[in-house]
Amino acid sequence: MRRATTAVLAAATLLLLSGCAGQAAPASDVPASSAVPGSTEAALEGTVTVFAAASLKATFTELAQEFEAAHPGVTVELSFAGSSDLVTQITEGAPADVFASADEKNMAKLIDAGVVDAAAPVDFATNVLTIAVPPGNPGGVARLADLADPGIATVLCAPQVPCGAAAETLEKAAGVTIPAVSEESSVTDVLGKVTSGEADAGLVYVTDVVAAGDAVEGIDIAESAEAVNTYPIAPVAGAQNPAAARAFVELVTGSAGRDVLAAAGFGAP
Amino acid sequence: MSGSTYGGVPRWVAAVAAVGAAFVVLPLVAMLLRVNWADFVPLITSESSLDALGLSLRTSLASTALCVMLGVPMAVVLARTRFWGQKVLRSLVLLPLVLPPVVGGIALLYTFGRRGLLGQGFEAFGVTIAFSTTAVVLAQTFVALPFLVLSLEGALRTVGTRYEAVGATLGARPTTVLRRITLPLVLPALVSGAVLSFARALGEFGATLTFAGSLQGVTRTLPLEIYLQRETDPDAAVALSLVLVVVAVVVVAVAHRAGEPAGLRLRRRAR
């Protein structure tokens, strides 16, 4: 019974594969792909495992679907978490083919550990901080300096995490001291405190406000360029599927990636 | 007690038990091996660490007191009365035991938060619970209360109502019976239940993070400090984890000695 099932599955897979090949083969595709010796699009198969910062969840899910559509033989496995969590997992031996970090510091950790080649990382996006306030802006916040008022309950990230480090840089650059009521360990927690109305304001990334939709309002910070977060991406040196890993990095850093990322509020590097 | 136990445990049971014990003990050993002993004392005596430890102990004591105040009457009502819907009520009261703490935090937020069910009323009186130490105590009490209710209710059922009935027939009023007979009888269970609640409060993380926030000296308890330190200073996180483990081991040992429900049962049988 089991053998029969396997046989049926194998046959179905073959059919699918030949079907795909049949679709890809005709017309002008063949000369095009053979004209570019470096691209191995037709040969890509297997699974490519992508470890990406939590803030990339929506964009990378969309890009993974595009990638799978362009390479029907490849399955993209996505794993999202805080960048430093992912670095720990990869150095402890988690099977990642690609790593996309929310900051350069965490990518540097992998280079130091010898898991990523020093020349491999490519910057593919930037993100800046913005002020998130609950709908209707009950605290009447208009600019960064307003957050210095202790009457406005402001939540920040702790300086230990990237969004908190960025907030600290911004405070220094703008000469504003914000008496935070809470210093959270992730930007998601900051956003949660604002959407629930517990806090009057929170410093989060522009992309978080875009993703939150109507749950919060964003107020641009004039000094935001003082603290720009750069997102690097790189294939992992010991990747199980190096060809697919390279292709995925190319997709993210290419025009398709740029479009998806820009729609989500990310800036160009 | 060990001298009189039945020695016919099958070998395979002992072998599986050893695997189970290793499963629990090995991770602790693995953590011990990662401790940076050279810097251990400076790591756990840094200002932020001491703030977190002090806050954890203070809030856990406060929530244990709240658990005793609220939990004893709850256990007595559940064990000594019968009313419609009692079983459902008991399940609901014990719900925080199985609820993911984050869910508890969200529920507390919608109750005591600024826009919460009761929080709006508090706001009107100028009382804000969000981001305060009170919020930490509420979160800890919420998750720790079932431990006290559960252990006390079990003990109340085990000791039965004989002595209480005798006391009542001799003219003691219900409050006197409760104070002079019932509570002294279940005192060991009350102590062990309180210690367990304290331990649960000390380890509380999810509900606190969701509901109270994280600010040094105000709401950042030891588990939250460990979680944050892990981002930049894994050595400090491991050192603080060890402190928490030591406190937990002491607490469990105390609870075990104080509680000993097995000993209580044996004594009753001997009478």
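How are H9(B) and H10(B) oriented to each other, roughly parallel or roughly antiparallel? In this predicted model, the axes of helix H9 (residues 162-169) and helix H10 (residues 174-185) of chain B come within 10 Å. They cross at roughly 165 degrees. Angles over 145 degrees count as roughly antiparallel. H9(B) and H10(B) are therefore roughly antiparallel to each other. The crossing of H9(B) past H10(B) is right-handed. H9(B) contributes Tyr163(B), Glu164(B), Gly167(B) and Ala168(B) to the contact. From H10(B) come Val177(B), Ile181(B), Thr182(B) and Leu185(B). By class, the residues of this helix contact are 5 nonpolar, 2 polar and 1 charged.

The contact between the chains was examined next. Chain A provides 17 residues and chain B provides 15 residues. On the side of chain A that touches chain B, strand E6 (182-184) and helix H7 (187-195) of chain A each supply at least two residues. E6(A) gives the largest share of that side, 3 residues. The chain A side divides into 6 nonpolar, 6 polar and 5 charged residues.

The average pLDDT of chain A is 84, and 84% of the residues score at least 70. Within chain A, strand E3 (residues 98-100) has the highest confidence, at 95. Helix H2 (residues 29-35) of chain A has the lowest, at a mean of 38. Residues 11-41 of chain A have a pLDDT below 50. In the model, this stretch has 9 contacts beyond near neighbours in sequence. Where pLDDT is low, predicted coordinates should not be read in detail.

Definitions and conventions. Residues numbered from 1 in each chain as written. Chains lettered and ligands numbered in written order. Predicted model: local features only at pLDDT ≥ 70, side-chain atom pairs only at ≥ 80, totals over all residues. Contact = placed C-beta atoms within 7 Å. Helix = DSSP H or I, 4+ residues; strand = E, 2+ residues; numbered from the N terminus. Nonpolar A, V, L, I, M, F, W, Y, C, P; charged D, E, K, R; others polar. pLDDT = per-residue confidence, 0-100. Axes fitted to C-alpha atoms, helices over the stretch in contact; angles between N-to-C directions. Parallel < 35°, antiparallel > 145°, perpendicular 65-115°, else oblique. Left-handed = near helix turned anticlockwise from the far one by under 90°.
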